[in-house]
2 protein chains.
Amino acid sequence: MSTAAEFAKTPEPPYYAVIFTSLRTNGDEGYAAMSERMGELAKGMPGYLGIESVRSADGLGITVSYWESEEAIAGWKVHVEHRGAQERGKAQWYQHYELRIARVERAYSGPR
Amino acid sequence: MSTAAEFAKTPEPPYYAVIFTSLRTNGDEGYAAMSERMGELAKGMPGYLGIESVRSADGLGITVSYWESEEAIAGWKVHVEHRGAQERGKAQWYQHYELRIARVERAYSGPR
């Protein structure tokens with residue numbers, strides 16, 4: 001997904017987070033274009049709140065997307081184009097990933 | 001915190017995640033040493049489950065630490081040495097951060 005140095009502008013909790021930690025395989029193999037496309041698609045989904053995404057030079061990345069509800073996450077999970085990306089991800093782009101769905105209960109920011 | 005390309009070995013949900021997204025200021029100013037020290041300290045705290053941490057070249061980082069309970073997170077928050085690091089973080093190391101506390105409800109991993 002988008003890797004711009006941006007913070008998600010989320011509302012007051014509660015809302016939901018999808019924490020996706022992944023280790024890429026070597027080579028692009030269409031990954032960058034997919035990532036860009038998935039970021040654009042997610043933005044248009046009902047209940048989407050925002051995204052924060054970082055990948056380091058060693059290939060480890062963390063992308064956290066924020067959603068209004070579990071239903072919104074379920075809708076994104078089964079989006080046909082996203083499902084295609086998930087399949088290619090398992091087959092080709094990721095050595096390993098961990099995906100966690102969490103309910104955000106409190107949030108703080110700084111510095112003032 | 002530690003930036004080794006590692007996944008946290010977390011148990012079956014539910015458990016808790018602290019999602020810390022931050023944009024660094026320029027220059028080290030003691031940040032790397034603090035980060036290493038905080039990673040070591042956190043590992044010794046009651047209820048600590050693991051950590052995943054990535055920072056990109058543009059200075060944006062996401063660190064997710066995992067904990068057994070909200071009480072464990074509260075204990076880490078008020079650790080005296082960690083409090084000192086939090087104060088220096090606000091004053092010196094971070095342009096901005098967002099900290100979210102979330103309850104992990106489901107988790108998946110891949111590829112098989």
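**Entry 1: where the chains touch**

I began with the contact between the two chains, and found 36 residues of chain B in contact with 36 residues of chain A. I note here that the model is predicted. I then asked which elements of chain B give two or more residues to the side that touches chain A. They are E1, E2, E3 and strand E4, residues 94-110. E4(B) gives the largest share, 16 residues.

**Entry 2: how the copies are related**

I laid chain B on chain A. This took a turn of 180 degrees with a shift of 0.0 Å along the axis, and the RMSD came out at 0.0 Å. Such a relation is that of a two-fold axis. I looked up whether the contact surface is shared, and 100% of the contact residues of chain B recur in chain A, so the same surface serves both copies.

**Entry 3: the sheet**

I followed the strands next. An open sheet is formed by 8 strands, with antiparallel pairing, in the order E2(A)-E3(A)-E1(A)-E4(A)-E4(B)-E1(B)-E3(B)-E2(B). Which strands are at the edges? Strand E2 (48-55) of chain A and strand E2 (48-55) of chain B are, and each pairs on one side only. From one strand to the next I noted an average twist of 25 degrees.

**Entry 4: the strand pairs, taken in turn**

I went to the place in the sheet where the two chains meet. There E4(A) and E4(B) pair in the antiparallel sense, and I counted 13 bridges. On this pair, A:Arg103 has B:Arg103 as its bridge partner. The bridge partner of A:Arg100 is B:Ala107 in E4(B).

I then moved into chain B. E1(B) and E4(B) pair over 10 bridges, again antiparallel. One of the residues I checked here was B:Leu23, whose bridge partner in E4(B) is B:His96. Strand E1 (residues 15-24) of chain B is also joined to strand E3 (residues 60-67) of chain B, by 8 bridges, and these two run antiparallel. In this pair I found B:Ile19 opposite B:Val64.

**Entry 5: a helix and the nonpolar core**

I looked for what lies across the strands of chain A. Helix H2 (residues 70-77) of chain A lies across E1, E2, E3 and E4 of that chain, and runs at about 35 degrees to E1(A).

I then looked up the largest nonpolar core, which has 40 residues. Which of its residues touch the most other members? They are A:Ala17 and B:Ala17. In both chain A and chain B, the elements E1, E3, H2 and E4 each give two or more residues to this core. I took B:Ala17 and left aside its neighbours within four places in sequence. Its contacts in chain A are A:Ile19, A:Arg100 and A:Ala102, and those in chain B are B:Val64, B:Tyr66, B:Ala102 and B:Val104.

**Entry 6: one glutamate**

Is A:Glu52 buried or exposed? A:Glu52 counts as buried because it has 26 C-beta neighbours inside 10 Å, and the cut-off for buried is 20 or more. Leaving aside neighbours within four places in sequence, I found A:Glu52 in contact with A:Phe7, A:Ala8 and A:Val64, and also with B:Thr21 and B:Ile62 of the other chain. I also looked up A:Ile62, which is 10 residues from A:Glu52 along the chain, and their C-alpha atoms are separated by 8.2 Å.

Conventions
Residues are numbered from 1 along each chain as its sequence is written. Chains are lettered from A and ligands numbered from 1 in the order in which they are written. This is a predicted model: local features need pLDDT of at least 70, side-chain atom pairs count only at pLDDT 80 or more; totals for chains, interfaces and linings use all residues. Copies are superposed by least squares on the C-alpha atoms of residues with pLDDT of at least 70 in both. Two residues are in contact if their C-beta atoms, placed from the backbone, lie within 7 Å. Two strands pair if DSSP finds at least two bridges between them. Helices (H or I, at least four residues) and strands (E, at least two) are DSSP runs, numbered from the N terminus. Axes are lines fitted to C-alpha atoms, for helices over the stretch in contact, and angles run from 0 to 180 degrees between N-to-C directions. A nonpolar core is a set of buried Ala, Val, Leu, Ile, Met, Phe, Trp, Tyr and Cys residues joined through C-beta atoms within 7 Å. A residue is buried if 20 or more other C-beta atoms lie within 10 Å of its own, exposed if 12 or fewer, and partly exposed in between; C-beta atoms are placed from the backbone.
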